[in-house]
Amino acid sequence: MKPNRFQYIAPETIPEALQLLNLYQSDAKIISGGQSLMPMLNYRVIQPKYLIDIGRLLELDAIAKQDGVIEIGAITRYVTIENSEVVQQFLPLLPEVIRHIAHLTIRNRGTIGGSLSHADPASEMPMLMRLLDATFEISSENETLMIPANDFFLGPLRTALKDHQLLTKILIPIPDANMGWAFEEFARRSGDYALAAVGVTVEVKQAAGKNLIHQCRVAMMGVGDTPLRLSQIESLFNGHEYSSELVAQAQEQIFQDLDPRPDLQSSAVFKKHLASHIFTKVMHQAWGRALSFNTRKTLS
Ligand SMILES: Cc1cc2nc3c(=O)[nH]c(=O)nc-3n(C[C@H](O)[C@H](O)[C@H](O)COP(=O)(O)OP(=O)(O)OC[C@H]3O[C@@H](n4cnc5c(N)ncnc54)[C@H](O)[C@@H]3O)c2cc1C
């Protein structure tokens, strides 16, 4: 199919884009990389009167490190983030996860802001932003808001963004260099959307000669209407030594707590098994990494 008729507008500045969004409200749709929007236009799932292309807002195509955060402009493409030396040095989990998204051709065009605004519950970036406690800068003609990733995702393809607002920046706190991390997903074929995925970060603290988990973060995707943060599982680990008994207890609780919707590819029970099993593997990897980073620090 072909899209319905629309007027294409490509503003050159952010204020111009915000003015257009304010003027046209729900008659307008933003296009960034077009990797999710174009299929929706072609199938006429959406039929906007105005298509506002933000690809010329080059100040939103930038990655910068400042004051303990990495700032990523909303139109920065996956491939740019994956190859950024700053990101590789301070947020190595980010390029690792991006490699799981679709195929190179899609990563060449798709943008981080597009993925977050689209809010597909099976997308990697929304989950990762919840895991890393990111904050989003949301701009409109009259104000700029900072919204934590935890409050941004409201449901499948639904976010806190209003028609007149533009996601402009993503701010990710730089984690401790000794933080352990791991991510894994299960997809039927390489490049497909994953059925389920899990990300874990672990920070270790030494107390009374023991290695204790100081801060553990757990996030999942594909098993809820939004990406999930599992705070109850995190508190099981925080302040404790890592043990296989604790991991087994967490695995059991995850299986009980998750309530995924069945879909054409898998039943709810299958997804619960998948996510809880991936969790044990990822938790083990993140813990191992944190220990090796901390042992290296102690020896040096
Ligand atoms: C075959 C295929 C496989 C894919 N596999 C995966 C996968 O495995 N994992 C994954 O995560 N994704 C996958 N995708 C989706 C891909 O990652 C998209 O690039 C991404 O979802 C949207 O980014 P985009 O820049 O292309 O946004 P667009 O398609 O341009 O826009 C998406 C939506 O976000 C809105 N929008 C865009 N930018 C902004 C902004 N700055 N502020 C406010 N609203 C905005 C648009 O209006 C639109 O509603 C796949 C896509 C295809 C076609």
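Modeller: Two strands pair if DSSP finds at least two bridges between them. Strands (E, at least two residues) and helices (H or I, at least four) are DSSP runs numbered from the N terminus. In β3, Ile52 is the bridge partner of Ile9.

Biologist: What kind of model is this, and how are residues numbered?

Modeller: Residues are numbered from 1 along each chain as its sequence is written. The model is predicted: local features need pLDDT of at least 70, side-chain atom pairs count only at pLDDT 80 or more, and totals for chains, interfaces and linings use all residues.

Biologist: Over how many bridges do β1 and β3 pair?

Modeller: β1 and β3 (residues 50–53) pair over 3 bridges, in the parallel sense.

Biologist: What is the strand order in the open sheet?

Modeller: The order is β1-β3-β2, with parallel pairing among the 3 strands. β1 (7–9) and β2 are at the edges with a single partner strand each, so one side of each has no neighbour in the sheet. From one strand to the next, the twist averages 25°.

Biologist: Which helix lies across these strands?

Modeller: Axes are lines fitted to C-alpha atoms, for helices over the stretch in contact, and angles run from 0 to 180 degrees between N-to-C directions. Here helix α1 (residues 14–24) lies across β1, β2 and β3, and runs at about 160° to β3.

Biologist: How is the protein divided into domains?

Modeller: Domain bounds come from an automatic or database domain assignment. They give domain 1 (7–53), domain 2 (59–173) and domain 3 (180–299).

Biologist: How many residues of domain 2 are in contact with domain 3?

Modeller: A contact requires C-beta atoms, placed from the backbone, within 7 Å. By that rule, 20 residues of domain 2 are in contact with 19 residues of domain 3. On the domain 2 side, α5 (93–98), α8 (124–131) and β8 (153–155) each supply at least two residues. α8 gives the most, with 6 residues.

Biologist: Which residues are closest to the ligand, and where does the ligand lie?

Modeller: A residue is near a molecule if its C-beta atom, placed from the backbone, lies within 6 Å of it. The ligand is surrounded by 28 residues, the closest being Gly33, Gln35, Gly110, Gly114 and Ser123. α7 (112–118) is among the elements giving two or more residues to this shell, and the largest share, 5 residues, comes from α7. Domain 1 and domain 2 both give residues to the shell, so the ligand lies between them.

Notes:
Two residues are in contact if their C-beta atoms, placed from the backbone, lie within 7 Å.
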